[in-house]
Amino acid sequence: MNPYINAVLLFGLGLGTTITFMSSHWLLAWMGLEINTLAIIPLMAQHHHPRAVEATTKYFLTQATAAAALLFASITNAWLTGQWDIQQMTHPLPTTIITLALALKIGLAPLHTWLPEVLQGLDLTTGLILSTWQKLAPFALLLQIPLQNQTILIMMALASTLIGGWGGLNQTQLRKIMAYSSIAHLGWMIIIIQFMPSLTLLALALYITMTFSAFLTFKINNTTNINTLATSWTKTPVITATAPLILLSLGGLPPLTGFAPKWLILQELTKQGLILTATMAALTALLSLYFYLRLSYAMTLTMSPNNITGVTPWRLYFNQLTLPLSMSLVMTLLMLPITPTISTLTTL
C-alpha cells in the first residue's frame, strides 16, 4: 500500500478514537466509531487475499450492525428522556441496547463469534491493531454508561472468560488462539467495570502491552500456527526463550505482570461480596492458562521433524526491528512489583 494512503488511514484510526474519547454526545461518539471502522477496513483488505476479503466483509457487517443498534438506542433514549448526553442515560431499555451494541463491537461473549474468524483472515500487524487499538473507543463509552443493574455485564463477562478459555483449547492457528485470549481478557475487564473502573483501565493497559509482545514475537518468527512454532529455535533463539514468559504472563501466572490485574480484580470482587463470581472467574482462568502452556511447550520443548515440506529455516542475518518488542517485553514480564504505583496512578 502507498505510504501516504497508509498514513491517512492510520490518522483516521487515531482521529476516530480521539473523537469518541472527547465526546459527551451520542451522535458525536457514533461518528467517531464510524470513522474508526471506515479507516481500518482498507487496512484489513490491503492484501486482496480471499481470506482477508472475507474477514473484512464479516468485520464490516458486524460493526455496521453494532453501530446501527447504538444509533437506534441513542435515538430511543433521546425520545424517551429528552437527553443526548452519554452520562445521562436513565432509561433501562436504551441502556441495555447500547451495552449489547458495544459488546458486539469489542467481541464480548455471547456476541463474540465474529472475532476469531475475522482475526484468522488478517495478517499479524492488522490483527494486532484489531486486538488492541480498536477496543479503546468502545471501552471509553462503556466506562461512561451508568448501569442501574450490573447483572447483564457480569453474566456476559463470565461467559467471555469461559468461552475464551474453552474455545482456545482445540485451536492450532495462533491468530484464533489470540482471538480467544482477547475474549477471555475482555471478560476480566468487563466483570469489574461498574465496581472499579480504574481496574478495568489497568487490565486493558496491561492486556495491550502483553498482546503487543505476543504479536510481535509471532511476526518476527513469521509463525501463524503451532506447528511452525517448533522451528523458532533455529531462527531466533533468544526471542524463543522469552516467548513462553510472554505467554505465561498472558495466562496470569505469578510473578509475571499478567498476574496483577487478575489478582486485583479477584480481590475487588471479594470486597463487593461476589464470592461465587470471583471463584468462577478464577476457575475459568485455568482454561486459558492451559492453552498458553500448550503454546509454550510447542515453542520451546519440541523440535520440528526433518521431513517438513518447505524451505529449511536457516539462521540468516536478522534485520527486523526488535526495539518495540524489547521494550514491551520488559513491561510484560517485570511490572508486577510496581503494580501498587500503577494502580495509584490510574485512580487519580
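Student: Which residues form a nonpolar patch on the surface?
Tutor: Leu38, Phe60 and Leu61 do, with about 310 Å² of accessible area together (Shrake-Rupley, 1.4 Å probe, only the protein chains shown as cover; patch members have over 30% relative accessible area and no salt bridge, with nonpolar side chains joined within 5 Å and like charges within 9 Å). This is a predicted model, where local features need pLDDT of at least 70 and side-chain atom pairs pLDDT 80 or more, while totals for chains, interfaces and linings use all residues. Residues are numbered from 1 along each chain, and side-chain values use heavy atoms, without hydrogens or water.

Student: Is Leu61 buried or exposed?
Tutor: Exposed, at 52% relative accessibility (over 50%; buried is under 20%, partly exposed in between). Leu61 sits in helix α3, residues 50-81 (a DSSP run of H or I, at least four residues).

Student: New topic: how many salt bridges does the structure hold?
Tutor: Four (Lys or Arg side-chain nitrogen within 4 Å of an Asp or Glu carboxyl oxygen). In one of them, Glu54 pairs with Lys58, the closest N and O atoms being 2.9 Å apart. Both lie in helix α3, four residues apart, about one turn of the helix.

Student: What else does Lys58 meet in a salt bridge?
Tutor: Glu117, at 3.9 Å, N to O. Glu117 is in helix α5 (residues 114-120), so that pair ties together parts 59 residues apart in sequence.

Student: And which lysine does Glu117 meet at 3.4 Å?
Tutor: Lys176, in another salt bridge. That residue is in helix α9 (residues 174-190). Shared partners join Arg51, Glu54, Lys58, Glu117 and Lys176 into one network.

Student: Is Lys176 buried or exposed?
Tutor: Lys176 is buried, at 18% relative accessible area, while Glu117 is partly exposed at 29%.

Key. Helices (H or I, at least four residues) and strands (E, at least two) are DSSP runs, numbered from the N terminus. Buried means under 20% relative accessible area, exposed over 50%, partly exposed in between (1.4 Å probe, protein chains only).
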